[in-house]
Amino acid sequence: MKRCFAVMLAAVCIFCMASCGKKETVTPAAQKQQEITLLFSQTDSLDPYSAKTEQNRHLATLIFDSLYKVDKNFRAVPCLAVTCEQKDTVFTVHLGAFTFTDGTALSSADVVYSFEKARQSATAGYAAALSEVESIAAVDPATVRFSLNRFDPYFLNLLTFPILKTDSAGLTDSDGVEIPPIGCGRYIPDTANLKLIRNDNYHDTLSVIKQINLISAPDSESASHYVQMGACDLYYTSSETNIVRMSGKRSEIDINHLVFLGVNSSYGALGNKEMRYAISSLIDRADIVSSAYYNAAVVANGFFNPALSDVKSTSTIKQNADTDISIENLAKIGYTNKDEDGYYVSSSGTRASFSLLVNQNNPSRMIAARHISTAAKSAGIEITVEPVSFETYLSRIKAGHFQLYLGEVAIGLNMDIKGLVVPGGSAAFGISDTSGGSSMSISGAVKSYEEGSLNLSSLSGVLLTEMPQIPICYRKGSLFYSDKIKSGVNGLSCDIYYNMADYKF
């Protein structure tokens, strides 16, 4: 018996010595190595700064890492960065000791190279997002300094641009076929065999997904075909109009897209903020989220995303309609009597009546518009829905030929809302700046915020006081996944595959 035990002990020792120095990953039986299939466009680039399709840009987040990610509460989370020091408008970012998939070390020169690629990119909005950067400098191999042209406490949220190895973009093989740039990401592209292979030297937790097979779907029609036939395992959409539903399950992804009621404040009573309050209070936002967006949205209780904790104290819009508040505000501006049709009229006999311009090709907004019109009647305000083609809708909004309209705008991850609320902004159609009086004007508040003398919560309060536009809801994206994946699918707007290492099969 002793001899038998000694032999067994020796065998164990030999096995342990043979295993010494190896990086072993123990995988539970239920979590054996997996493969999944995703869609991409073979005719498009995997260079995130030249890719034209949304599919390839999302796929790029598996190949390239960024300095930071932005979590569900819109807070910057370090990725390739480890720490940052802020002094007024200067951000000094320190890099971790990471390597590219070819084994070379990440350096500040690679960050500068990638930043310049991002700033020159015509896709994905990188150039606009980084426009506040006045200069960038590689202080030393592990340190990058960003100098801004204004104060921005949420600047780190913009450092989600992919980091490429210097001079690795734009290369081709002997046949002239583009070679994907080199990244630090979780997967390495094998475009010849239409695969992504897991980077086993990745700096963070490895996914059990060892290989991602790729199917080329160069247009929406082919993508719809593959999704409906169940050929892919995950499919993401943020579209309101071209939603392809995939069998299996769905995970919602917070995106910073505000659906709002645009107001032409130069038109009649809409110039009074009390009228804007009255219209805002009659809207049942929870009902619109449910019926128009099938719960793929969240009620906007203020101008900023409700997931942002910094503005909770000043985000006071109710999720349900309150016609009593509407009637109180109408009375403040002289609308105390009703006409024979049940609508409030001013002291001069002018009915509280407005038209609502809406894109007839957008089903969700058409439903929302009808709900607002019906609710307005209950509050004694006449809102007539005016459906038009998308081309007419755009031209009339840009020309200011509207009273109210239903619109949507993507708010920057750094919460830059200036384009929506300040006259002259890219989405500030029909906006007239407030004069200030006893309260701060919108332009004044935005300027103070950009100078650092006003925080975001206070800016939020000014916007709700003046109500230049009327927030309704923040839409969400949908990440569909097949029954092969049992749970754990929770992505971010900047990286829909953010937690792929948590997928359970």
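Are F115 and F161 buried or exposed? Both F115 and F161 are buried, where buried means under 20% relative accessible area, exposed over 50% and partly exposed in between, with a 1.4 Å probe and protein chains only.

This is a predicted model, in which local features need pLDDT of at least 70 and side-chain atom pairs count only at pLDDT 80 or more, while totals for chains, interfaces and linings use all residues. Residues are numbered from 1 along each chain as its sequence is written, and side-chain values use heavy atoms, with hydrogens and water left out.

The predictor's confidence in each residue is the pLDDT, from 0 to 100. The protein chain has a mean pLDDT of 91, and 92% of its residues reach 70 or more. In residues 1–30 the pLDDT is below 50, and this stretch has 5 contacts in the model beyond near neighbours in sequence; a contact means heavy atoms within 4.5 Å. Where pLDDT is low, the predicted coordinates should not be read in detail.

The aromatic rings come next. Rings of Phe, Tyr and Trp (its six-membered ring) pair if their centres lie within 6.5 Å; planes under 30 degrees apart count as stacked, over 60 as edge-to-face and the rest as tilted. By this rule there are 10 aromatic pairs. One of them joins F115 and F161 edge-to-face, at 6.0 Å centre to centre and with 65° between the planes. F115 lies in helix α3 (residues 108–120) and F161 in the loop between β7 (143–148) and β8 (187–190), so this pair ties together parts that are 46 residues apart in sequence. Helices (H or I, at least four residues) and strands (E, at least two) are DSSP runs, numbered from the N terminus. F260 and Y405 form another edge-to-face pair, 5.7 Å centre to centre with 80° between the planes. That pair links distant parts of the chain, with F260 in strand β12 (residues 249–263) and Y405 in strand β18 (residues 404–410), 145 residues apart. F260 counts as buried because its relative accessibility is 2%, and Y405 is buried with a relative accessible area of 3%. Ring pairs also link F91, F115, F146, F155 and F161 into a cluster.

Grid points are joined across faces, edges and corners, and a volume is the space filled by probe spheres set on the points.

The largest pocket holds about 1400 Å³ of space. It is lined by 47 residues, of which A124, G125, H257, A410 and L413 are the closest to its centre. Strands β12 and β18 are among the elements that each supply at least two residues of this lining, and α2 gives the most, with 5 residues.

The structure also holds 2 cavities of 30 Å³ or more. The largest cavity has a volume of about 60 Å³, and its lining consists of V70, D71, K72, F74, I253, D254, G491, L492 and S493. The second largest cavity has about 50 Å³ of space, and helix α12 (residues 442–451) gives the most to its lining, with 3 residues.

Terms used. On a 1 Å grid over the protein atoms alone, a cavity is a set of points where a 1.4 Å probe fits but cannot get out, and a pocket is an open set with protein on both sides within 12 Å along at least five of seven lines; lining residues have an atom within 4 Å of a point.
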